[in-house]
Amino acid sequence: MNFDWSKYFNAENLERLIIALIIIAIGTVIIYAIRSVVKRLLPKSMSKQRQMIVTRLINYTGYIILAFVVIAEMNINLTPFFGAAGIIGIVLGVASQTSIGNIVSGFFLVSEKSFEIGDVVRIGDKSGVVYSIDLLSIKIRTFDGLLLRIPNQTVISSEVINVTKFPIRRLDFNIGVAYKEDLRRVRELLEQIVRQNPLCLDEPEPLIVFKEFGASSINIHLGVWFEKANYQAVKNSVFLDVKETFDREGIEIPFPHVTLYTGEVTKPFPIVKKEDTEAKG
């Protein structure tokens, strides 16, 4: 049986195919141009996440319209595909329940605005900078330069901590001093350290709390407020200032000591001489 290919490969269909390819090329350029113009017109105050949503909406809408234009130009009859589409849809629906759940969770994440692109977040035991928020997952760039993908369902059901949500935050230090030290003097030195550090904020005031009598030290909690962009600098500078100030003022930062006592053995083990062993033998 010979199949008549001339029905499909003829001058008319070839002309339609060429026109369709031209439409695809021109349509892609137009979509890209519209996306670029809109992106430039968006206010700078708009967050990166909202900019991403707008550009993706332009992409999806543009390519859907382009697909319908190409189908109409090619004069493709979609009626036979609708019956098969129903069956395929059922199969895909059963097979992609997880994906659908992730998509729905993604809409909740976007509408909730718990975090945006560029925020530092902690999700479970993972932390890093939000790199992108997609339909199925969010991607995080960890602090050691790795790309971490977390499904949206996992994110929506986990405890999420946004470290950089607010413009200022507090950094806590646990400091131990020896029991012999004057705690009022220690408190004055800590207040002086925070006051003289240009990266630490005067308002809110630093938090200084005497926590507990430890095994080898009196433990003190020091909390300083700072602008979120200065995290690393504040942590290093306050750490160095505390150590240098305590060394200069003679404030001891103790560490655990272990003392061993030795004495005479009240009941020494019996010493068996070689001669006694030979006599018994």
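Predicted model: local features only at pLDDT ≥ 70, side-chain atom pairs only at ≥ 80, totals over all residues.
Student: What makes D134 and K139 a salt bridge?

Tutor: A salt bridge needs a side-chain nitrogen of Lys or Arg within 4 Å of a carboxyl oxygen of Asp or Glu. The N to O distance for D134 and K139 is 2.7 Å, so the pair meets that cut-off. The structure holds 9 salt bridges.

Student: Why is D134 called buried, and why is K139 called partly exposed?

Tutor: Buried means under 20% relative accessible area, exposed means over 50%, and partly exposed is in between (1.4 Å probe, protein chains only). D134 has 19%, so it is buried. K139 has 21%, so it counts as partly exposed.

Student: What makes R185 and E188 a salt bridge, and how far apart are the closest N and O atoms?

Tutor: They are 3.7 Å apart, so this pair also passes the distance test. R185 and E188 sit 3 residues apart in helix α6 (residues 183-196), so they are separated by about one helical turn. R185 is partly exposed at 31%, and E188 is partly exposed at 46%. Salt bridges also link R185 and E188 with R248 and E249 in a network.

Student: How do you know what counts as a helix or a strand in this chain?

Tutor: Helices (H or I, at least four residues) and strands (E, at least two) are DSSP runs, numbered from the N terminus. On that basis the protein chain has 8 helices and 8 strands.

Student: Which residues outside its sequence neighbourhood does S237 touch, and what makes them contacts?

Tutor: Contact means heavy atoms within 4.5 Å. Leaving aside neighbours within four places in sequence, S237 is in contact with N197 and L199. S237 is found in helix α7 (residues 231-249), and a polar atom of its side chain lies 2.8 Å from the backbone oxygen of A233.

Student: Why is the pair of Y179 and F213 called stacked?

Tutor: Rings of Phe, Tyr and Trp (its six-membered ring) pair if their centres lie within 6.5 Å; planes under 30 degrees apart count as stacked, over 60 as edge-to-face and the rest as tilted. There are 2 aromatic pairs in the structure. For Y179 and F213, the centres are 6.1 Å apart and the planes are at 15°, so the pair is stacked. The pair links distant parts of the chain: Y179 is in the loop between β6 (168-177) and α6, and F213 is in strand β7 (residues 207-213), 34 residues apart. Y179 is partly exposed at 43%, whereas F213 is exposed at 66%.

Student: And why is the pair of F226 and Y231 called tilted?

Tutor: The centres are 6.2 Å apart, with 45° between the planes, so the angle belongs to neither the stacked nor the edge-to-face class. F226 is buried at 0%, while Y231 is partly exposed at 27%.

Student: How much of the protein chain is buried?

Tutor: Buried residues make up 26% of its 281 residues. Among contacts with a separation of 6 or more, 64% are between residues 24 or more positions apart.

Conventions
Residues numbered from 1 in each chain as written. Heavy atoms only, no water. Polar contact = N/O pair within 3.5 Å; in protein donor to acceptor, adjacent residues only side chain to side chain.
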